[in-house]
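Colleague: Could you walk me through this one? I would like to start with the overall fold and then go residue by residue.

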Amino acid sequence: MHMKRLLLLVLTSLLILTLAAPAAAVSPANLTALAAYFPDKTPIFAAVRTDDGFITELDVVLEQVRLVMPDADIPESLMDAFDEMAGEQFEGADFRSVFRPWLGDTAAFGMISLATAFDDKPQNDDDTPMMFAVSITDRAAAEAWFQETSVANNPDAYEVLQTADYTLVTRPSDPDSPEALLFRDDAVFFTNQPALLPTDGLPPSSLAANPDFASTLALLPENDYNAAIYVDQRVILAGALASAEAEDEMEESALAMLQDLSAGVAPQVIGFT
């Protein structure tokens, strides 16, 4: 199974997550713990559980997906899909033997800035800074997995810098591929902007410490969640407004309405139970 298909499957499942009965959701603070590694002004942030219990819940959701999309090419279960992925990497292996020994309980994604997404240069849209983070329980095991599945197959393509605090993996041989991977004791990070990687540990100003982020999370009505998405709509509207003004293609009345709207919005969070 291709990674793109698997990612689409997970996202589809998340969108109808409310169809599944919750089993072991976690508090918003625990769910979004990785926000401590993201810059304080991150406008879009999402977090999701990655423990076995949640994967089982998503399998329940897949049953609902198949009812809605009977002709879709959907595997019987996510666990089966993950087992297939592991089996492609190591003969006879499955998810629990390959990933579970080092995979933690949460993962997160953040779009760090939307400046390039709103400018008039479509060629730099892929440069929009973003970062993925996955909690881990065994850094050595996670690094060993990446070494065996990626570096060992093409050692000349990677440069590995190992220190006591982290291991940084880059691809200097490919100037068109600035992506980098960072392993720390509690999480692994992937980004298209290596400067974002927390090589020095927790940043002095993080999203988790942002009062707007904390107060917005506090608005969630339930005690426990399986996934959450935080969006600072002020940044999105400001970017859209700046883009509209620069292109000078919007009616003055519509532009004025957008300006009024941007003055009254606040960050929002959606929680999935």
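This is a predicted model: local features need pLDDT of at least 70, side-chain atom pairs count only at pLDDT 80 or more; totals for chains, interfaces and linings use all residues.

Colleague: Fine. In what order do the strands of the sheet run, and is the pairing parallel or antiparallel?

Modeller: The sheet is open and is formed by 9 strands in the order β4-β5-β6-β7-β3-β2-β1-β8-β9, with antiparallel pairing. At the edges stand β4 (159–162) and β9 (268–272), and because each has a single partner strand, one side of each is left without a neighbour in the sheet. From one strand to the next, the twist averages 10 degrees.

Colleague: And which helix packs on the sheet?

Modeller: Helix α7, residues 139–151, packs on it and touches β3 (130–136), β4, β5 (167–170) and β6 (180–183), while its direction makes about 150 degrees with that of β6.

Colleague: Back to the strands: how many bridges join β1 and β2?

Modeller: β1, which covers residues 44–49, pairs with β2 in the antiparallel sense over 6 bridges, and Arg-49 is the residue that stands opposite Thr-106 in β2.

Colleague: Switching to Arg-100, is it buried or exposed?

Modeller: Arg-100 sits in the loop between α5 (95–98) and β2 (103–111), and it counts as buried because its relative accessible area is 18%, where the cut-off is under 20%.

Colleague: What does its side chain pair with in a polar contact?

Modeller: The partner is the side chain of Asp-52, at 3.0 Å. Leaving out residues up to four places away in sequence, Arg-100 also touches Thr-50, Asp-51, Ile-55, Phe-95 and Asp-105.

Colleague: Now Leu-34, where is that?

Modeller: Leu-34 belongs to the loop between α2 (28–31) and β1 and is buried, with a relative accessible area of 7%. Beyond its neighbours within four places in sequence, its contacts include Phe-45, Thr-106, Val-134 and Ala-187; Ala-187 is 153 residues away in sequence, yet the C-alpha to C-alpha distance is 8.3 Å.

Methods. Residues are numbered from 1 along each chain as its sequence is written. Side-chain values use heavy atoms; hydrogens and water are left out. Helices (H or I, at least four residues) and strands (E, at least two) are DSSP runs, numbered from the N terminus. Buried means under 20% relative accessible area, exposed over 50%, partly exposed in between (1.4 Å probe, protein chains only). A polar contact is a pair of N or O atoms within 3.5 Å; within protein, one must be able to donate a hydrogen and the other to accept it, and residues adjacent in sequence count only if both atoms are side-chain atoms. Contact means heavy atoms within 4.5 Å. Two strands pair if DSSP finds at least two bridges between them. Axes are lines fitted to C-alpha atoms, for helices over the stretch in contact, and angles run from 0 to 180 degrees between N-to-C directions.
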